[in-house]
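Here are my notes on the model, point by point. Have the coordinates open while you read.

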Amino acid sequence: MKNLSEQPCLIARSLALVGDAWSMLIMRDAHSGLTRFDEFRKSLGIVPTMLTGRLSSLTEEGLLEKRRYSERPPRDEYVLTEAGRDFLPVLFAIGAWGRKHRSGGAVTRFFDAETGTEIDPVTIDRATGAEIGTRPIRIAAPGCAPPQDQQD
């Protein structure tokens, strides 16, 4: 995965960091308010060495920040950074895909804490207002001009 971090494609670069299930689930749990190692371990059922590695990686890459909450004994917590908070829509987009293509049986649901309404995420292109996935896309290599019909 480290080789992906140097690719020009931002999807590849991002997957190099958070492309494994454990990292995604740690980010999900961090968004639900978990901050401590034992909370993540209990929620995920992950072995401590694996959790340590994922938390270190997410911290090094700036999605989580490690903060000391106890000096005796020394204990740290992991809190979301701006980059970590910005990751929530990514998680919801994955969840929306799962609702459409992987649901069945009992599933976790997500609600807006202020309104109480169930969250139904949609990813929109800011420039066109079109829902992502409803229109064809083109991929341009670095340094290439955008397609002719897209230039201003």
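1. Start with helix α1, residues 10-18, where A12, L17 and V18 are buried. Buried here means under 20% relative accessible area, with exposed over 50% and partly exposed in between (1.4 Å probe, protein chains only). The cover over the buried residues of α1 includes α2 and α4, the latter spanning 48-60. Helices (H or I, at least four residues) and strands (E, at least two) are DSSP runs, numbered from the N terminus.

2. A word on ground rules. This is a predicted model, in which local features need pLDDT of at least 70 and side-chain atom pairs count only at pLDDT 80 or more, while totals for chains, interfaces and linings use all residues. Residues are numbered from 1 along each chain as its sequence is written, and side-chain values use heavy atoms, with hydrogens and water left out.

3. Now the overall layout. The protein chain has 6 helices and 2 strands, and along the sequence they run α-α-α-α-β-β-α-α. Its C-alpha atoms fill a box of roughly 65 × 40 × 25 Å along the principal axes. Of the 152 residues, 21% are buried. The chain exposes about 11,500 Å², with carbon and sulfur atoms supplying 52% of that; the areas come from the Shrake-Rupley method with a 1.4 Å probe, and for residues only the protein chains shown count as cover.

4. On contacts, meaning heavy atoms within 4.5 Å: among those in the protein chain between residues at least 6 apart in sequence, 36% join residues at least 24 apart.

5. UniProt, in an unreviewed entry, places "domain: HTH hxlR-type" at residues 9-106. Its positions are given in the numbering used here, feature names are shortened, and annotations may be inferred rather than shown by experiment. In the model, that span is 60% helix and 13% strand, and its end C-alpha atoms lie 36 Å apart.

6. Is L51 buried or exposed? L51 sits in helix α4 and counts as buried because its relative accessibility is 0%. Leaving aside neighbours within four places in sequence, L51 is in contact with I26, F37, F40, R41 and I46. The C-alpha atoms of L51 and D76, 25 residues apart along the chain, are separated by 14 Å.

7. Take a look at D29 too, which is found in helix α2. At a relative accessible area of 4%, D29 is buried. Not counting residues up to four places away in sequence, D29 touches L34, F40, S43 and L44.

8. Check the loop between β1 (64-70) and β2 (75-80), where P73 is found. A cis peptide bond joins R72 and P73, with omega about -10°. For context, most peptide bonds are trans.

9. R75 lies in strand β2 and counts as partly exposed, because its relative accessibility is 42%. With neighbours within four places in sequence set aside, R75 is in contact with R67, R68, Y69 and S70. The C-alpha atoms of R75 and E65, 10 residues apart along the chain, are 14 Å from each other.

10. Last, the second largest pocket, which has a volume of about 720 Å³. Of the 22 residues lining this pocket, R28, L91, G95, T108 and F110 are the closest to its centre. On a 1 Å grid over the protein atoms alone, a pocket is an open set of points where a 1.4 Å probe fits, with protein on both sides within 12 Å along at least five of seven lines; lining residues have an atom within 4 Å of a point. Grid points are joined across faces, edges and corners, and a volume is the space filled by probe spheres set on the points.

11. Which helix gives the most to the lining of that second largest pocket? The answer is α6, with 9 residues. Helices α2 (21-31) and α6 (88-101) each supply at least two residues of the lining.
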